[in-house]
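Subject: The model you asked to see

Hello,

Here is the structure to open alongside this email. My notes on it follow below.

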Amino acid sequence: MKAMQAKIPRALATGSRMVCSDNTGARLVEVVSVDRYHGVRRRQPCLGIGDVATVSVKKGTPDMRRKLEKAVVIRQKKEIRRPNGVRLSFEDNAMVLINDRGEPKGTEIKGAVPREIAERFPKIASMATTIV
């Protein structure tokens, strides 16, 4: 996995509920745990754009509900800062469900995806409608 070039603030905590912006059948997901997070004692695990987490599907089709899935954050409201000085923020917090190899489970992604995700997850970039 390629390293992030931008300064990504980790603004989403464990327990955050986010929109699932793909067509897998999940509509609302809740973060259960953050993968590859090695934190400090009693610190709440946080995640930002490009981080992978285990999520629980809260709303969606009956066969998707109450399942634990892997997901990656593709949008966050808190602005990120790119090396060229541009600051980028989105209207909502959104995730996409992925499998163990990092490939998306759905076949289309609604909404914009930042360039940092496109570099790190090429399959998500190929399905995205716009790359910012």
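Predicted model: local features only at pLDDT ≥ 70, side-chain atom pairs only at ≥ 80, totals over all residues.

How many disulfides does the count come to? The count comes to zero disulfides, where a disulfide is a pair of cysteine sulfur atoms within 2.5 Å. As a reminder, a disulfide is a covalent bond between the sulfur atoms of two cysteines.

Residues are numbered from 1 along each chain as its sequence is written, and side-chain values use heavy atoms, with hydrogens and water left out.

**Overall layout**

The chain has two helices and eleven strands; helices (H or I, at least four residues) and strands (E, at least two) are DSSP runs, numbered from the N terminus. Read from the N terminus, the order is β-β-β-β-β-β-β-β-β-β-α-α-β. The radius of gyration, taken over C-alpha atoms, is 14 Å, close to the 14 Å that the globule rule gives for 132 residues, so the chain is as compact as a globular protein of that length. That rule is 2.2 Å times the number of residues to the power 0.38. Along the principal axes, the C-alpha atoms fill a box of roughly 45 × 40 × 25 Å.

Of the 132 residues, 43% are buried. The chain exposes about 7,500 Å², and carbon and sulfur atoms supply 47% of that area; accessible areas come from the Shrake-Rupley method with a 1.4 Å probe, and for residues only the protein chains shown count as cover. Taking contacts (heavy atoms within 4.5 Å) between residues at least 6 apart in sequence, 53% join residues at least 24 apart.

**The core**

A nonpolar core here is a set of buried Ala, Val, Leu, Ile, Met, Phe, Trp, Tyr and Cys residues joined through side-chain atoms within 4.5 Å. The largest one has 35 residues, and Leu47, Val72, Ile74, Met95 and Ile124 touch the most other members. Strands β2, β3, β5, β6 (68-75), β9 and β10 each supply at least two residues of this core, with the largest share, five residues, coming from β9.

**Salt bridges**

The whole structure holds nine salt bridges, each a side-chain nitrogen of Lys or Arg within 4 Å of a carboxyl oxygen of Asp or Glu. One of them joins Asp51 to Arg10 (3.5 Å, N to O). Asp51 lies in the loop between β4 (46-47) and β5 (52-60) and Arg10 in the segment before β1 (12-13), so this pair ties together parts that are 41 residues apart in sequence. Asp51 is buried at 12% relative accessibility, whereas Arg10 is partly exposed at 45%.

Another salt bridge joins Arg17 and Glu30 (3.1 Å, N to O). Arg17 sits in strand β2 (residues 17-20) and Glu30 in strand β3 (residues 26-34), 13 residues apart. Glu30 is buried, at 18%, and a network of salt bridges links Arg17, Glu30 and Lys58. Arg87 also pairs with Glu79, their closest N and O atoms being 3.5 Å apart; Glu79 is partly exposed at 35%.

**Loops to click on**

Gly106 is in the loop between β9 (94-98) and β10 (109-113) and is buried at 10%. Leaving aside neighbours within four places in sequence, Gly106 is in contact with Asp22, Asn23, Thr24 and Met127. The C-alpha atoms of Gly106 and Thr24 are 4.9 Å apart, although 82 residues separate them along the chain.

Gly85, in the loop between β7 (80-81) and β8 (87-88), is partly exposed at 38%.

Finally, look at two arginines with positive phi values. Arg42, in the loop between β3 and β4, has phi near 65° and is exposed at 78%. Arg66, in the loop between β5 and β6, has phi near 60° and is exposed at 75%.

Best wishes

Key: Buried < 20%, exposed > 50% of the residue type's maximum accessible area, 1.4 Å probe, protein only.
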